Each structure stands twice: as structure tokens, then as C-alpha cells.
Amino acid sequence: MTGRLLRLPRVQAAFKGLLLLGMGVFLFTRITSGTLNYYISQRFDWLTVAAVVGLMVVGVSYRYLLQESGQESAGADGAGGDRPHDYNQSHHHRHLGRDHSHTLGWTGFLLISLPILLGLLVPPKPLGVAALQNREISAGGLDSVLPAAARSTQVRESSERTILDWVLAFHQGERPAETDTADVVGFVYLDSATEKAQFTLTRFVVGCCAADAMAVGLPVSLGAGLSSEDAVEEGQWVRVVGRFGASTGIELPVLVAEQLEVVAEPNQPYLYP
Amino acid sequence: MSQTTPLPQAAAEGIENRGIRRPRWGVAAFLVFALVVVLVSSMNTPQARFFAAERFQTFVTIFLSLFIEAAPFLIAGSIVSGIIAVYVNAGMVERYIPNHPLLAALAGAGLGFVFPVCECGVVPVTRRLYGKGLPLPVGIAFLLAAPVINPVVIFSTYAAFGWGPVLWGRVVFSILVAFTVGLIFHLARPREILLPETLAGAGDTDYLAQYDSLDVGGHGHVRDHERRHEQGGARPGIWQALVLAGDDFLDMGRYLIVGAMLAAAMQTVVPQSTLLTIGQGPVISVFVMMALAYILSVCSTVDAFIALAFSNAFTTGSLFGFLVFGPMVDIKSSLLFLGVFRRRTVLYLILLPLALVAVIGVFWNVQVGV
């Protein structure tokens, strides 16, 4: 796997240093482009900043290996290569005619580069409708976010509540008052969960990173003032203002939209408990 | 001292014949290939193609989210490991180990706070300590517990799960299992357990050579870097530590990337309802997660984030299977153990934690069920 070129210590050190620096730069671009929170919770932004610093410092340290390697090569030329402890022996042992296992081959470099390559080739996008193809809305884990989120729900005005706040309030047995006006933003998911609703207004809730994302949604029907021409496309981000209809049993009340407008994808596409 | 002594021919051939690195990369390549096949196979109709493209985007988002969340912990763990390699002397710790077997095993389980290393770094450190006369149960308890009982891993678990049963359960059960297995080994004779060169403690260079050949996760040239440091090598110690950290990051990062890809692929392709069906069985879920931990071989500094990906679908007991058993034993650490222990011991080191963690996980699911 290890090509002849990669067996050269200088090349190996240069590639490793560049790869670490590249990874640092890649993470840095995610911070500056504002797409970092497509992947992780904003609580952990500082950790990514720390990782950028760590990767940069570690990447730069390979410069010393390169310098040393260069000096030793020069020394070897001058002394006919008769040195007791050359670079290959000191850092990249070659035992049994094979390289030290820290020597990365092309496959190793490719594998390590995958996050950078995929990050550059595939445009950054938060989880959306496609992620719902193999998962259900509010399927599990709602209880795990209840304690933290329930507190915030209690102190918020109804118009300030997010989809998560509403879903949790209903989950806890609260039912909407006639005066309650919901003003929520989410993306449109055309499912057939409720016959009364035209779509489910959905958001992903993230505790730590997108890997633990859980979808929450409110069924939405169009009010009398809105015609079917106002129907929206799946995946589109919309703001819905309206009131909840009556509900029976454990079913979520349907949000009857009085006002519906297409909005840009928010900077923080996920909700945090 | 400055020359690396070559291995005896027989040992050299033995290591060469094991061919550990090629099959492992073969596995990685196969997993990537399988993933591509699974994704491409759903591209038959235009509609499916659209969703496949969207699905691929979802896969990338989840994969990168796991990687970006884990990267700070991996680089922090690597830097700590590099600093230990260059600056810490094994004798410093040995001085403080108590003689009583119970206390010694307990001390071994808590030694990770002194040597905060993951499951890759702990093997060479343990091997070194045995060479210096460390009691057998202390080393075993340290070997099994240190990948979890250290500040970096505890913090990453906290970051992923917050204060709660998963965090403290992981810590308590790891200590419990490591302590128990350590005590069991107190009854054995070191000669029956350890490889002769481990016992001799004199095979520094042989060990280095052997470990380097076996090394898949990491830290094989620790001793060599120390040696260079002692010799006052051209590089200042801190840069040496950082270069080591870089090597460790790149070594362990490969496992993280493969693990994150598998976890992301499962989340993207496998319906959540299927996962919920498997993951909710109180017994099967524990064994599935332990098997997954063994196969994925994700570094313990970051495995909490992989477990998090399964937390919505799987039982808490099965998460313990992943978070307690995985750091103790996985594919790469099993291979590393072969450089320190006899083969039969390695088998015990896999089976004893497996049995204990399975009992804990199933008991938790059945009795506690939170």
C-alpha cells in the first residue's frame, strides 16, 4: 500500500503535517462560513475552535521533523552516510524489511482525508426531509430532553415558543388555550400522519451533534384565509402563525395557519433542548 | 542504546506471518466499498436517485457531525499521550502502588488519572510498567480501566450524555469490571500470563520492534522518542511530544473515521424502526452493542459520540455494553494484547469483561430499565 514516494521520511512528515493543517483549515472554514452548527450543537463551538488550534500546532510541529531530516540528510552526504542513528532508525523504524506502522500509505492518507474531501465535495446542508425517510417524528428520546426543555417552556410566552416547546407542552398533557397564538418556523414535511393536516412543520432537535438528532413536528392545516395555492413544497422553510384546533386523546392538536410565509433557512437550523 | 536491535529471525517471521496490517486495511476498504454499494443500489429510479442523493447528503452531514464533535477530544487525547511518552517516567507511578491485592487492583483501576491514555496508548504503558515489576493485577486493572477512567474520556462522555446514568454508570461499571478481572488475575502466576520478554523487562528494543510491527493504533515508538529525548535529540521535548501526538491522531483517526462512517451509514440506510426493534430487546441489544463496539474499534476518547448516535434507539444497558466493554476490548486492542500477554491470557482478557459487562447490561435493562 505504501508507495515508494511515501516511504521517504521527508515526504511522510510533509504529508502528515499538511494533512493536519488541512484538517485545521477545514474546521476553521466551517466556523467562518457559519455552517458549523449544521453538524454540532452551538454549545460545543468552542471545542471546535480548540481543535483548530490543536491541529494547527501539531501540524506545524512536523516542520521540526522536516528540518531535522534535512539536516541529517545533509550530514549523511557529508559523512558518507556513516551515522549511528539516522532518521529512518530514530523515527520511522524499518523492521523486517517493512516500514514502521506509523508510516501512512496512500490508503491511510485517503481515509484520513475523507472528512475534508466529503466536506468540500458535498455542499454543507443541515438534516432535512431526506433524513426523515428512515425515521419517525418524535419516535423516541423525547423523554430524555423533557427535563431541560420543560423548564424553558414554562417561562416562554406562547408566541415565543418553538415547535419543540409546543410538542413538549402537549406531551406533558397541556392543551392550548383559545388565546394561544403560535408563531413557529420549520421545514415542510408532507407525510400522511394526520388526515386533518396538510403537512407537518418539522425541526430537528440536537443535543450534541446531528448524529443524535430527533425530529419534532406540528401538524399544520391551512386556515380559511389561505387558499390551496399557498401550498408549499416539501423541504421548504416556512413561518406559520396561527391557533391550535381542538384535539382528542394523545393526538397533537392541529395548528391552523392564519399566516404562512416562506422564509430563508435559519442560521441555527436545529433546536436545542 | 541508540541502535534498534533487530528481532530474532523466528520472532520476525512470526510477526510477519500474522500479516495484521493488510487484513485490517482490507476490512476498512471492504466497509467503505459495502457502504458505497448500499447507497448506489438504491439508485434505480429517478425518484430513488433523488433520495439517494439526498440520503448521501444526510450521510455526509451525520458523518461529519460525528467527526467534528470527536476531533477535539481525539487531538486532546493525542497531545496528552505524546506528553506522557516524552516526559513521564514509569518509576514515578510504581512508587505509589500499594501492596495489598484489593487496594492494588483498585489503584490500578484508578491509575488512568495519572496516565490519561486511551485503549491504544494503555498497552505500551502497561507493558513498560510490567517490565519495571508492576504487580500483575494492577496492570490488568489499569489496562482495562484506564481507557475510561481518565479525565479526557470522562469529559467527552459528559459532553455527549451530560450528568446522568450513562456517565456515572460507565465510570462505576468500568472500575468494577477492571477491579474484578484484576483480582481474578491475582491468583495467577505472572509467568503463565505474560510473554517471556514482558517479564524479562530487558527486551526493550525487542519489544519496541515487536510492538511497532503489531502496532495498529498507535504508540509503538514511545520508548524511542523517550530515548531520543534522553539523548538530547535535535528537537525540543515539546515538539517531539507534538509530533507523537500528530502520529497518534492520524493513527487513531482512521478508526474514528471508519467507525463514524458505519454509524452514519446505519443511521442513513437502516430504518429507525428496525433499530428500535433490535435495540429494545433487553438481552439482544446488549450483545449487539458489544459486538458493534468490538468491530468498530473506536477510540475511547470519542466513542461516547458514536454511542450517542444509537442512544435514541437502544436500551441504556446496551449503551453500557458499548461504552464499558468497547474501550476494554476491541479488535485493535486484542491485537495489541498479543504483544504483551500469552494467547490464552488474551482470550481471558476478552471473555471475562464480555461476561461481566453482559451481566451488568442485561441486569440494568431488566431491573432498572432507565
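The model is predicted.

Start with chain B. It holds 20 helices and 0 strands. Of its 370 residues, 57% count as buried. Take the contacts in chain B with a separation of 6 or more: residues 24 or more positions apart account for 84% of them.

Two helix pairs in chain B deserve a look. Helix 8 of chain B contributes S156(B), T157(B), A160(B) and F161(B) to the contact. From helix 17 of chain B come A304(B), F305(B) and L308(B). By class, the contact of helix 8 with helix 17 has 5 nonpolar and 2 polar residues. No charged residue takes part in this contact.

The second pair is helix 7, residues 136-145, with helix 9, residues 165-186, again in chain B. The axes come within 8 Å and cross at roughly 155°. Angles over 145 degrees count as roughly antiparallel, so helix 7 and helix 9 of chain B are roughly antiparallel to each other. This crossing, too, is right-handed. On the helix 7 side, the contact is made by L136(B), P137(B), V138(B), I140(B), A141(B), L144(B) and A145(B). On the helix 9 side, the residues include I175(B), V177(B), F179(B), V181(B), L183(B) and F185(B). S174(B), G182(B) and H186(B) of helix 9 are also among them. The residues of the contact between helix 7 and helix 9 of chain B divide into 14 nonpolar, 3 polar and no charged.

Now turn to chain A and its strands. Begin at strand 3, residues 182-189. V184(A) has V240(A) of strand 6 as its bridge partner. Strand 3 of chain A also pairs with strand 4, residues 199-205, in the antiparallel sense over 3 bridges. Here V188(A) is bridged to L201(A) of strand 4. F187(A) has T202(A) of strand 4 as its partner.

Follow strand 4 of chain A onward. It is joined to strand 5, residues 214-222, by 7 bridges, and the two run antiparallel. One of the residue pairs is F199(A) with V220(A) of strand 5. Strand 4 of chain A also pairs with strand 8, residues 270-271, over 2 bridges. That pairing is in the parallel sense. V205(A) finds its bridge partner in L271(A) of strand 8.

How many residues of strand 4 of chain A are buried? The count is 7 of 7, and the strand is mostly covered. In a regular strand the side chains alternate between the two faces of the sheet. Strand 4 of chain A is covered on both faces. F199(A), L201(A), R203(A) and V205(A) lie on one side, and each is buried. T200(A), T202(A) and F204(A) lie on the other, and they are buried as well.

Note on methods
Residues numbered from 1 in each chain as written. Chains lettered and ligands numbered in written order. Predicted model: local features only at pLDDT ≥ 70, side-chain atom pairs only at ≥ 80, totals over all residues. Contact = placed C-beta atoms within 7 Å. Helix = DSSP H or I, 4+ residues; strand = E, 2+ residues; numbered from the N terminus. Nonpolar A, V, L, I, M, F, W, Y, C, P; charged D, E, K, R; others polar. Axes fitted to C-alpha atoms, helices over the stretch in contact; angles between N-to-C directions. Parallel < 35°, antiparallel > 145°, perpendicular 65-115°, else oblique. Left-handed = near helix turned anticlockwise from the far one by under 90°. Pairing = 2+ DSSP bridges. Buried ≥ 20, exposed ≤ 12 C-beta atoms within 10 Å, placed from the backbone.
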